[in-house]
Amino acid sequence: MEQKRAKLTVTRATSTAPVNIAVIKYWGKRDTKLILPINSSLSGTLDQNELHTRTTVAASDNFTEDEIWLNGKKEDISNPRLQNVLHGIRGIALTRNQEHPLKDMHIKIVSVNNFPTAAGLASSAAGYACLVAALSKIFGVADEELSAIARVGSGSACRSLMGGFVRWEKGHSNDGTDSLASQVVPETHWPDMQVLILVVNAGKKGTSSTTGMQATVNSSSLINYRSDSIVPQRMKEIEEAIQKRDFQTFGRITMQDSNQFHATCLDTYPPIFYMNDISRQIIQLLIVYNAAADEIRAAYTFDAGPNCVIYCLKQHVTEIIALIAHFFPPETNVPEFIRGRSNTAQIVTDVLDAPIINKLSGIVPTAGGINYVIHTGIGPGPQTIEDEELQLIDIEGKIKSQQPKAEDYTAERL
């Protein structure tokens with residue numbers, strides 16, 4: 001009887017959390033321990049139907065140590081950022097209740113992404129936001145207390161705790177109490193806003209964001225000018241554009257800020273190259289396309305990686321997908337070249353206007369330049385999952401053997 005009871009003393013919670021894609025980039029820290037940024041930033045939260053992290057956390061007297069598994073592989077639980085998150089959650093819980101029932105229990109964490117990890121798709125932001133959301137459920141920590149905890153895991157994770165468009169204030173206090181995320185508008189505010197992710201390379205990037213941004217802070221002469229003189233005004237302008245649903249202003253600022261972010265990377269010594277030749281070809285194509293249309297229809301942005309994210313409006317999605325498929329066709333018949341809200345079968349090659357095609361005639365197509373395209377949109381923040389089939393740890397605290405493939409974005413659906 002005692003053995004049976006012991007097996008059942010497992011407290012679990014499962015959450016999903018979204019990827020966010022910044023339109024005003026966070027790059028550089030003024031405090032590397034508390035992860036306090038040198039500039040404010042703003043991002044769109046992506047729909048979890050296409051991209052998300054799913055995490056189950058469990059606490060039990062039967063566990064002999066804390067442990068974490070990511071995409072089927074056991075990772076180092078002593079990672080300082082992981083420890084900061086665990087200590088942060090436990091600290092708040094114990095402050096309120098020194099006899100908290102989980103205070104002496106070890107924690108087991110199992111997490112999976114349904115998109116490539118560490119490929120410039122904000123996997124760490126989704127991962128830490130998801131971890132904090134799940135831990136908050138078993139420890140009883142309120143949502144409004146999570147922003148600072150997620151931030152010390154991965155800075156931009158605080159923006160993945162909310163849906164819609166989200167700002168992260170740089171703050172001024174040395175203790176970081178005012179460096180928090182807040183929602184600009186909910187996911188329902190701009191339903192026509194769509195997002196296309198052009199996966200150029202799903203592999204791990206050469207220079208991590210953490211290493212890259214500190215190198216920039218230490219050596220770039222442009223970074224302080226950007227943070228002090230450029231970003232504050234851009235934040236005001238893009239928030240106003242979002243409120244007014246003004247895509248022309250939104251698109252212009254999004255592209256300008258992406259360009260400047262990568263300019264500071266090039267100004268770093270040694271220089272950091274996150275984009276590759278295909279990335280630059282995509283930029284060239286979209287600049288010519290927007291000029292041919294006589295308006296901004298496709299606003300590109302690149303995070304710390306070669307993959308392009310395009311913000312666009314619903315009425316132009318079909319045309320932009322056709323444009324990408326025409327100039328970056330798959331080398332072979334790839335049935336899932338277009339994924340998510342659209343699919344490969346829906347590509348309409350004759351949708352492009354003849355005048356636009358004529359103006360693009362000087363651009364040479366590059367077969368195989370893009371691996372695949374994910375069509376998604378703006379979505380909500382973390383979700384709590386009750387379905388037993390989606391739990392990654394069973395009721396006895398054992399890791400379930402069947403987990404989705406991390407490299408296959410279509411491997412799981414909510």
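Biologist: What is the mean pLDDT of the protein?
Modeller: This is a predicted model, where local features need pLDDT of at least 70, side-chain atom pairs count only at pLDDT 80 or more, and totals for chains, interfaces and linings use all residues. Residues are numbered from 1 along each chain as its sequence is written, and side-chain values use heavy atoms, with hydrogens and water left out. pLDDT is the predictor's confidence in each residue, from 0 to 100. Of the residues, 91% reach 70 or more, and the mean is 90.

Biologist: Are H2 and H3 roughly parallel or roughly antiparallel?
Modeller: Helices (H or I, at least four residues) and strands (E, at least two) are DSSP runs, numbered from the N terminus. Axes are lines fitted to C-alpha atoms, for helices over the stretch in contact, with angles from 0 to 180 degrees between N-to-C directions. The axes of H2 (residues 80-96) and H3 (residues 123-139) come within 10 Å and cross at roughly 25 degrees. Angles under 35 degrees count as roughly parallel and over 145 as roughly antiparallel, so H2 and H3 are roughly parallel.

Biologist: How many residues of the contact of H2 with H3 are nonpolar?
Modeller: On the H2 side, the residues include Leu82, Leu86 and Ala93; H3 brings Tyr128, Leu131 and Phe139, among others. Ala, Val, Leu, Ile, Met, Phe, Trp, Tyr, Cys and Pro count as nonpolar, Asp, Glu, Lys and Arg as charged, and the others, Gly among them, as polar. One is polar, two are charged, and the nonpolar residues number ten.

Biologist: How do H2 and H4 run, roughly parallel or roughly antiparallel?
Modeller: H4 covers residues 146-153, and its axis lies 7 Å from that of H2. The packing angle is about 160 degrees. H2 and H4 are therefore roughly antiparallel.

Biologist: Which class is the pair of tryptophan 190 and phenylalanine 247?
Modeller: Rings of Phe, Tyr and Trp (its six-membered ring) pair if their centres lie within 6.5 Å; planes under 30 degrees apart count as stacked, over 60 as edge-to-face and the rest as tilted. Here the centres are 6.5 Å apart and the planes at 75 degrees, so the pair is edge-to-face.

Technical notes:
Parallel < 35°, antiparallel > 145°, perpendicular 65-115°, else oblique. Contact = heavy atoms within 4.5 Å.
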